[in-house]
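Let's take a walk through this structure together. Have a look at it first, and then we'll go from the contact between the chains to what lies inside.

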Amino acid sequence: MVPARLFSLLLIPCCLGLLGADWLAFRGPQQQGVAPTEKLPPLTWDGASGKNIAWKTELTGTGLSSPILVGDQVILTACTGEKQDRLHVMSYSQQDGSLQWERSFWATGRTLCHEKTRVAAPTPVSDGKHLFALYSTNDLICLDLAGNLVWFRGLTFDYPNASNSLGMASSLVVHGKTVIAQIENDSQSLALGINTKNGTNRWVVERPRLANWTSPVLMPMKDSKDALVFLQSGEKLSAYVVSSGELAWEYQGDCSTIPSAVLGEKRIFVPLGRGGRPGIIALPLPSSEAVPGDISQTAFVNEEWHQARLAASTASPLYYEGMVLTINSAGVLNCADAETGEIIWRGRVRGPYSGTPVIVSGHLFAINEDGEGKVVKLSKEEGEVLETNQLGETILCTPAVADGAIYVRSDQHLWKIAN
Amino acid sequence: MNRLSWAFCLAMMLLVGSISVSHAETSTDALIQDLLNVGPEGKGNRKAAQATQALMESDASALSPLLNALNEANPLAANWIRGTFETLAARLLEEQGTLPVKSLRAFFNNMENNPAARRLAYEYLIKVKPELEKEIIPASLDDPSTDMRREAVAHLMEQAEAATDEEQKLQLYQRAMLSARSEVQVKELSEILESMGQKVDLPRHFGFLMTWHLIGPFNNENLVGFDAVYPPEEEVDLSISHQGKEGIAVWVPHQTYDDYGIVNLNEALGKFKGSAAYAFTEFTSEAAQPIEIRIGCKTAWKLWVNGELIFSREEYHRGMAMDQYRMDATFKEGKNEILLKVLQNEQDEHWAQDWEFQVRVCDVTGTAILSTTRLEPPVEDFR
């Protein structure tokens, strides 16, 4: 038995390797989709005329992973080939969109996926020094910022039944010296904590055998360099200690397998849907009573509130200044009070949305699958749609934002929306 | 300095030079060996990480040994080598504006080299000599590399489309079909050829197995059938019946006429949910040889070749495609037995009703390997 040890938790964004205006992971800092900057991107843009399009660059491959931003670089993954079996990592200049370098690899895992998704679906992550790129084939690549190979793993090579014929999509998170890959499907499901330095396993945990496309969420620990990572599946939400893989906290109940949970200040908000119960539940964050690794003392939690009318569709929920926001399958933006779950306001933003919106300085930027981008000014009283913009291409990714600019990709192009 | 001293100095310089070259070669080889040694679960990664860093700082002389190493690399090592090669080549291109064209060309020209490695050599060759594309691609119709072949076929299809003489057009399309291995290209070519009045035997082109014996259903309620060992797994005797889920089950011969070799178990055996069935066929191989068995299947399955379990997969109704699963196996000369167990679950959604599979036998490039006792004439004529 692991000796009982108390730990307390606090949200400390600076612990997550944020470097100025970087956007290092899917949904940005702590996977909350909220920019750590006050500088607003333009509220209007137009793909056809080029209005407020700082640059647009053609891509060599397809994908729906999100760009990430490191220093002056925009990092993007893509795949090419009739079977999508060539995997690419590209680095573009944030200044002018020029290609800085490109590396490609051979897929070692299965490439079949649903026609709407791509092998390049998971979003890469960076610790500020390295890039980690994962694909639906479960190939995991670590490069330095100059594109030099640091290590390569083929997780389907290691775990031959870890694949999903609809495609895998969970994005990576990294904390300290551990990068976490959530490889869940109907057959061989697992999560791995992998040493960032050399790509060896720090830990492997078995996960529910259910197809799952959600992504991990990190929460740093106070007074510790460690963190918890929340892994969501169709039947539970579990928190593990990043450095050891020890189970620390768990909610047992149906959760969604597509939109991912989002952290608030006191709670984590979890989309439902798989078990027929719609909406979102709020769970109390792990507290000092949690004892990692000791299943008898692992904190099993109950929901604080459930709001059925706060259903999320493909896009994940957002938390912002006491508000929980979702876009449902009818294209309605819902806002609820994070304390009570009571719906505060609702408004139409026309869907469908595959990518999760992002929030910058009280403004929500949501780009639907038709490439139509809404800008909504948020307050606790209302959501005011300020602008409707067009990019003119199918957009399935979650945007990245930094320093007054939005970066978004389609199968054909990468855009920087900025003044 | 007298003549003897000069000769001594020269000899020493040559000796030092040869030692240094030899050391560099040994060092490169040793570093590459570290890349080749990587294995499952990060085995060998620590050494490989150091090796790749050192190799990326090498000069152009490391490029050929890296390509050569791809001939013996496992899929993980291949990517370590590729990543190292690309980084080194990119750096050399930036610093020197060129790459060793002669050695890249020589590596590409040697058909004995790994097809994917030859393709990599080609991609870097045309970065420095783009004009070679026009020379190489048209000559790659029978290349072992599927990428090279695909581009060559695309080139020929463009020529065929542009041809004004109908007889020449037909010949070009037929030649393209002969070389095509890409599913997309074969489909397009077969449609074109059929529109021109030509009969295309797609099952033969791909190597789909069309003739089976089937038995079932056995029980798979609550998914118990995946691990259950029913009699056909212990012995296949087509004359023996077995107790099945719905009574006595007997082996029934089945011939599929589907262009892509799909065997529809709902039609052949009946629509049974929560069930398992077995499909058995014999394949006569003209020689002992390594082969690939490629399966498409929407539900759970297990595959045995000559009694050896090759792979099993427990997934239901997530998708099916040609070549969804690729497995290496070995055929002996003469008769080989292929047994496939295909399971159906109890989902009642409309999209969870299919119970079917397709199997083909080919080489690593996707070129069909046909049983010497395959039924002739083409399967379509059996209709």
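A salt bridge is a side-chain nitrogen of Lys or Arg within 4 Å of a carboxyl oxygen of Asp or Glu. Between chain B and chain A there are five salt bridges. In one of them, the side chains of E314(B) and R209(A) come together at 2.9 Å, N to O.

Before going on, a word on where this comes from: it's a predicted model, in which local features need pLDDT of at least 70 and side-chain atom pairs count only at pLDDT 80 or more, while totals for chains, interfaces and linings use all residues. Residues are numbered from 1 along each chain as its sequence is written, chains are lettered from A and ligands numbered from 1 in the order in which they are written, and side-chain values use heavy atoms, with hydrogens and water left out.

Back to the two chains. Chain B puts 43 residues into the contact and chain A puts in 36 residues, where contact means heavy atoms within 4.5 Å. Together they bury about 3,400 Å², 50% of it on carbon and sulfur atoms; buried area is the accessible area (1.4 Å probe) that two parts lose on being put together, summed over both. On the chain B side, E41(B), N79(B) and R318(B) lose the most area to chain A, together 20% of what that side buries.

Now for the inside. A nonpolar core is a set of buried Ala, Val, Leu, Ile, Met, Phe, Trp, Tyr and Cys residues joined through side-chain atoms within 4.5 Å, and buried means under 20% relative accessible area (1.4 Å probe, protein chains only). The largest such core has 103 residues, and W151(A), W80(B) and F85(B) have the most contacts inside it. Helix α4(B) gives the most to this core, with nine residues; helices here are DSSP runs (H or I, at least four residues), numbered from the N terminus. Leaving aside neighbours within four places in sequence, F85(B) touches L63(B), L66(B), L67(B), L104(B), L120(B) and Y124(B).

Definitions and conventions. Buried means under 20% relative accessible area, exposed over 50%, partly exposed in between (1.4 Å probe, protein chains only). Helices (H or I, at least four residues) and strands (E, at least two) are DSSP runs, numbered from the N terminus.
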